[in-house]
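Hi everyone, thanks for making the time this morning. I'd like to walk you through a structure, strand by strand and then side chain by side chain. Here it is on the screen.

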Amino acid sequence: MRKILLLFMMSLLSGYMMSQKLLVTGNVVSANDKTPLTGVTVIEKNTQNGTITDLEGNFSIEVSADGILNFSFIGMKTVEEKVGGRRKIMVEMADDHVKLDEVLVVGYSTSSKKLISGSVTAVSESEIKNVPLRTIDGVLQGKAAGVSITQNSGTPGGQSAIKLRGGSSINAGNQPLIIIDGVPAITGSFGQIGYSGQEIDALSDLNPGDIESFTILKDASATAIYGARGSNGVILITTKKGSQQKTEVNLSTSYGFQSFPEERKLKLMNARQWNEYKGTDVQGIDTDWMKEILQVAPTSNTELSLSSGNDKTRIFLSGNFYNQVGTVKGTSFDRYSGRLNVDHKILKNLSIGASVSMASSKNNRVEGDQTLFGPLPNALSIPAIYPVYNEDGSYNEDGPYANPVAISNETVNVAHTNRNVGNAFLEYKFLDYFTFNTKFGIDNYNLREHGYDPVTVRQGAKYNGLGIEGTTFVSNVVSSNVLQFVRTFKDDHNLEALAGYSFEKYARRNTYIEGINFPNENLQYITSAGTIRAASAFAIDRGMNSWFSQIKYNFKYRYIFTLTGRADGSSKFGTNNRYGYFPAVSFAWRMNEENFLKNIRQIDDFKLRISIGKTGNDAIGDFNSLGLYKGGYNYGGGAGIAPTQLPNPDLRWETTLQTGIGFDLALYDNRIGLIADLYYNKTTDLLLDRPLPPSTGFTSITTNIGSLENKGLELVLNTENLRGKFKWNTSVNFSANRNKILELYEDQPIDDQGRGGNRVAVGEPIGIFYGYRCLGVDPTTGNLVYDDIDGNGEITADDRTKIGDPNPDFILGITNNFSFRNLDLSIFLHSIYGNDVFNGTLIYLESGVGEDNQTVNMVNRWQKPGDITQYPKAGDTFKSSRFIENGSFLRIKNVSLGYNLPKNFIKILKIKSLRFFVTGQNLYTFTPYSGMDPEVNYYSTDNVVMGTDFFTYPQSRTFLFGLNIGL
């Protein structure tokens, strides 16, 4: 009887225990390479109780002690695990004929790279961490096919031109949309003190050390989810998140020097050569002006980060100080930045998170290109016969231009920025298959500029002191709400669908004031000015609201379909076309899943992709569709206004129809990977100014009247050349784009843009050089001879023709990574081929007239009848082929050598890792170009004025030494 009673009680107790709820935690990894799997669905069988794994593959769920957990993920075999009273469960998931390599952020969701049907490129942290130039555009240059990043100058903190698959517009923006953790970033230059070529780049305030990865969306299928701003591509930036179940502290610090490459300096006349050239005799003075204004400049970078967390909370905290002193005296860039990312799971199906970054920068500038008061152009232009100082120690101002040393030492132009970017999100999972995500973000950018020219420099002396103050505030507020549905039907049909709404509110405020007549150089702010010479203020507010949706479907991970649509409404456009609609569709076929390829062991993956869709461009002026009035038209002592712009209520979006086809191929155990893309993009409804008859009282009105095309090829080849103790990997990316204008207003060209005479004409690429074809020097007279194209015996404007093209034939990036035991070596080469550069510097430095110093080439100028030379006795300022040069180059962009301390020493030091490294940037440039730097443009990011060198600040050569410590 006792035995029966005991058995009965044990059975009751067992049933009670098995009905209890347990908090089960665990981790899910790939059975193939043991990497964590993100986004695995974990469901208690026969219930609606579930969760998903985080970025580290961890999960936490409350289940019955006798329950069964079902683990499922696209491309992996489903796994079932009996709980059996266990509180920790570790799971390995095997590939289901679809190898899951990396999960990418794409639009408002994530996806396995193997299941993406559009053209998407990823750049990881490991590919950018060794680049010395610690700006976002600086570290991304040359790392992705189809992405052209041109560093317009070597100015510290200066602006770069970024283009994806060519330029889609003439007057609207050509820069891609950049999104950081779901918040569209403020980009561009907002400086008001006009230092041509020395623009302040808002992207420079962001620290690349906080970046986990870049995802670059290039075709319509990938970018249509961003609708009105997708024509120029989208760059998604994901910042680092905290680790789970461990705490990591990392310190990275480096210090080095920058210098002006000696081999790139222009060879200028010394005093003796100048005296012979001018027929004068100034004794005892031979100033090397370039030596006076150049310096070997220090640069340093220090980053400290902490990553930690547990099952519920993850945190990432970082701080950074970056300093870059320019090789031209008087220039520098300092940046302090910090970031805090927090993710917290409130309930098993409810998570919240926030991200905050703050940055403060100081940018010391001097006037650069296209100015009479820049240290670099003046040092190049003033002959060596003039001294730096007078006998009394004051600056000598006898030269044709202002003393460059005085400008570097005495003038003040400092820009202070404060940048705050933050977002917060809430994610709620319900009914097994639904996820709702709401996010709110803001980007605030504050810029304060202070400029002062004292009486000790020529410009300041002219005005008895010149002071300028400018303030700029820019804010972008964004909110998005997305509902997502993910479900697998009958193991073969995988469906993802999302729908969402977002709005943005953009605001900008500017003030500017300029004063002269200051008491002395110590009182340099506007309050001390005797006269206010100019003052202005303006404000801009605009908004956008959007609805978007996307459906992804695949059958057995073999046939993949994506359908995307977005509707955008913008205050920029006319009342009759306030909304734009942007659909896209794509298809991918994973051919290696077919029977005819399945058994070919050499093929690991073979995916064919095709896409078509429409995207838009809203990067136009805020008031182009409105009738505008302007004040200042006063009469009889009373205030007055006058109309300055006609309204156009029919103004609509520039629209790009994008089509593309490509494939992804992986061979021999993924040791060879090849990605190829062909695309054709046609942009219509270009926003151009249509001329109006004078009788209207206006000269033009903005309308949609043009079209252009871009077509191209992109190739990415990744190879694992050697495995084992000695490893060697190679990555090559190649892109070739062809651009052509198809239609303009009555096919009238847009002529003579910039110092190089850039031109926009039907049938030609954007920005061709248009001028006179120089045939050489007449040996009889020493004069330049030009091609009389129309044959009328005179050289007139009708004799101008196409003389060059600043658009390259192709762009190439090659990275080789080597490692042996504790040593690692990375070599990155960057090349641009087939582009022309207009060397505007030589218009003055090889002119043969005036008081500008000359290059030593002019020693060989024509001097008497019969001389055979390419240098005339006296030149001219014609925009001619004489100044067109081949701008192709191959640059040893980055070489980094590192050594990791062995593990036995690491244990003694009680740290996790220690790496020493030395890095070189811009080590050598192979180029036929005779100027200081072939990768230049004095007019920054302009769509038309391209490829012109006009006394432009060149890039520096950098050597860095540093270490990385993991604690």
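Before I point at any pairs: two strands count as paired here if DSSP finds at least two bridges between them. Please also keep in mind that this is a predicted model.

With that rule in hand, look at strand E13, residues 177-180, which is joined to E14 by two bridges, with the two running antiparallel. Within that pair, Ile-180 sits opposite Val-183 of E14. Now step back to the sheet around them. In what order do the five strands of this open sheet come? They go E10-E15-E16-E13-E14, and the pairing is mixed. At the edges are strand E10 (120-124) and strand E14 (183-184), each of which pairs on one side only. As a quick reminder, strands of a sheet pair through backbone hydrogen bonds, and they can do so parallel or antiparallel.

Let's move to another set of strands. Strand E2, residues 41-44, pairs with strand E3, residues 50-52, over three bridges in the antiparallel sense. The two make a hairpin with five residues between them, and in the turn Asn-46 has a positive phi of about 65°. E2 also pairs with strand E5, residues 68-72, again antiparallel, over four bridges. In E3, Val-42 stands opposite Thr-51, and in E5 Val-42 stands opposite Phe-71.

Now for the charged side chains. How many salt bridges does the count come to? The total is 42, and I've picked a few to show you.

My opening example is Asp-664 with Arg-609, whose side chains meet in a salt bridge at 3.0 Å, N to O. Asp-664 belongs to strand E32 (residues 654-667) and Arg-609 to strand E29 (residues 603-617), so this pair ties together parts that are 55 residues apart in sequence. Are these two partners buried or exposed? Buried means under 20% relative accessible area. Asp-664 has 14% relative accessibility, so Asp-664 counts as buried, and Arg-609 has 4%, so Arg-609 counts as buried too.

Next, find Arg-759 and Asp-751, which form a salt bridge with their closest N and O atoms 3.1 Å apart. Arg-759 is buried at 12% relative accessibility, whereas Asp-751 is partly exposed at 26%.

Step along to Asp-752, whose side chain meets that of Lys-879 in a salt bridge of 2.8 Å, N to O.

Leu-306, Leu-317, Leu-340, Val-356 and Met-358 make a nonpolar surface patch of about 400 Å². To find your way there, look for strand E21, residues 350-364, where Met-358 lies.

Technical notes
Residues are numbered from 1 along each chain as its sequence is written. This is a predicted model: local features need pLDDT of at least 70, side-chain atom pairs count only at pLDDT 80 or more; totals for chains, interfaces and linings use all residues. Side-chain values use heavy atoms; hydrogens and water are left out. Patches are made of residues with over 30% relative accessible area and no salt bridge: like charges are joined within 9 Å, nonpolar side chains (Val, Leu, Ile, Met, Phe, Trp, Tyr) within 5 Å. Accessible areas come from the Shrake-Rupley method with a 1.4 Å probe; for residues, only the protein chains shown count as cover. A salt bridge is a side-chain nitrogen of Lys or Arg within 4 Å of a carboxyl oxygen of Asp or Glu. Buried means under 20% relative accessible area, exposed over 50%, partly exposed in between (1.4 Å probe, protein chains only).
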